[in-house]
Amino acid sequence: MLGTRIDAARAGAALHQAGGLAQHAASLWQRALATQPLPPLWLVLASGAVALAAVASPRAWRAARIVVTIVHESGHALVALATGRRLAGVRLYRSTAGVTESAGKATGPGIVLTSAAGYPAAEVMGLGAAALLSVGHLTALLLLSLVLLAGLLIAIRNAYGMLAVLVTGGAIAAVSLLAAPVVQAGFGYVMTWFLLLGGVRPVIELQGERRRGGSRRTDADQLARLTRVPGAVWVMIFGLVAVAALALSARWLVA
């Protein structure tokens with residue numbers, strides 16, 4: 001009898017906890033459709049400083065770069081699907097490298113756009129995030145990030161990649177459901193600044209690798225073979241997109 005009562009109490013506690021999470025989720029959905037107050041300027045600038053430190057520090061960058069790789073490969077995957085190619089899978093590695101495989105015509109606009117989508121992806125997503133934050137849609141930004149990560153998870157084909165996406169999504173979900181509004185705001189702005197600043201560094205690294213005569217299997221080199229436009233020109237295009245998106249987003253975020 002005592003065991004039955006204990007089991008019933010545990011079941012009741014579990015149901016109560018589940019009900020609390022459901023209420024949090026419902027509240028979160030309602031807030032996603034509404035606007036939240038814009039944070040003070042000091043929080044926006046402090047968030048940018050934190051993101052810049054993470055990008056500039058070699059040690060922090062090694063750990064955080066996987067987030068940029070997730071977005072990079074998501075860009076390849078989304079454009080592959082949008083251009084009618086068949087997505088074969090996405091793999092993420094401990095080295096923070098990534099590979100997106102798709103099937104379709106070996107030449108033509110589809111493969112060119114798919115190949116070109118990786119490096120600008122972080123900047124484009126950062127620009128979209130800045131646009132949402134500038135009009136007070138912080139919760140919508142966090143939920144949209146979770147939706148995109150859930151879609152990518154379906155395409156992941158290796159264990160480390162699945163772990164990286166789950167950890168990233170889990171962090172966003174925890175902040176969305178459990179954190180105080182000021183913490184959510186700081187997290188959202190750090191994430192946005194990190195996408196924008198973190199999208200610049202890989203372009204610089206790409207150019208450095210090409211200058212040193214490294215691997216000729218980069219996106220820029222593949223695009224050079226597909227379009228006959230030199231790889232250096234593609235690197236310059238990636239850089240111009242990154243700088244323009246950063247400048248425009250910064251204006252929106254601090255205005």
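Helix axes are lines fitted to C-alpha atoms over the stretch in contact, and the angles between them run from 0 to 180 degrees between N-to-C directions. This is a predicted model, in which local features need pLDDT of at least 70 and side-chain atom pairs count only at pLDDT 80 or more, while totals for chains, interfaces and linings use all residues. Residues are numbered from 1 along each chain as its sequence is written, and side-chain values use heavy atoms, with hydrogens and water left out. Helices here are DSSP runs (H or I, at least four residues), numbered from the N terminus.

**Helix α8 against helix α11**

- Helix α8 (residues 181–198) packs with α11 at an angle of about 160°, their axes being 10 Å apart, and α8 is therefore roughly antiparallel to α11, a term for angles over 145 degrees.
- The crossing of α8 and α11 is left-handed, meaning that the near helix is turned anticlockwise from the far one by less than a right angle.
- On the α8 side the contact (heavy atoms within 4.5 Å) is made by Y189, T192, W193, L196 and L197, and on the α11 side by A245, L246, S249, A250, L253 and V254.
- By class, this contact of α8 with α11 has nine nonpolar, two polar and no charged residues, where Ala, Val, Leu, Ile, Met, Phe, Trp, Tyr, Cys and Pro count as nonpolar, Asp, Glu, Lys and Arg as charged, and the others, Gly among them, as polar.

**Helix α5 against helix α11**

- Helix α5 (residues 118–134) and helix α11 (residues 231–254) have axes 9 Å apart and pack at an angle of about 10°, so α5 is roughly parallel to α11, as angles under 35 degrees are counted.
- The crossing of α5 and α11 is likewise left-handed.
- Residues of α5 including Y119, P120, E123 and L127 meet residues of α11, among them F238, V241, A242 and W252.
- The residues of the contact of α5 with α11 comprise 14 nonpolar, three polar and one charged.

**Two buried residues**

- S176, which lies in helix α7 (residues 159–178), is buried, with a relative accessible area of 1%, where buried means under 20% (1.4 Å probe, protein chains only).
- A polar atom of the S176 side chain lies 2.7 Å from the backbone oxygen of I172, and the C-alpha atoms of S176 and L143, 33 residues apart along the chain, are separated by 7.9 Å.
- D221, in helix α10 (residues 219–227), is also buried, with a relative accessible area of 6%.
- The side chains of D221 and R210 are joined by a polar contact of 3.1 Å, that is, a pair of N or O atoms within 3.5 Å, of which, within protein, one must be able to donate a hydrogen and the other to accept it, and residues adjacent in sequence count only if both atoms are side-chain atoms.

Methods
Parallel < 35°, antiparallel > 145°, perpendicular 65-115°, else oblique. Buried < 20%, exposed > 50% of the residue type's maximum accessible area, 1.4 Å probe, protein only.
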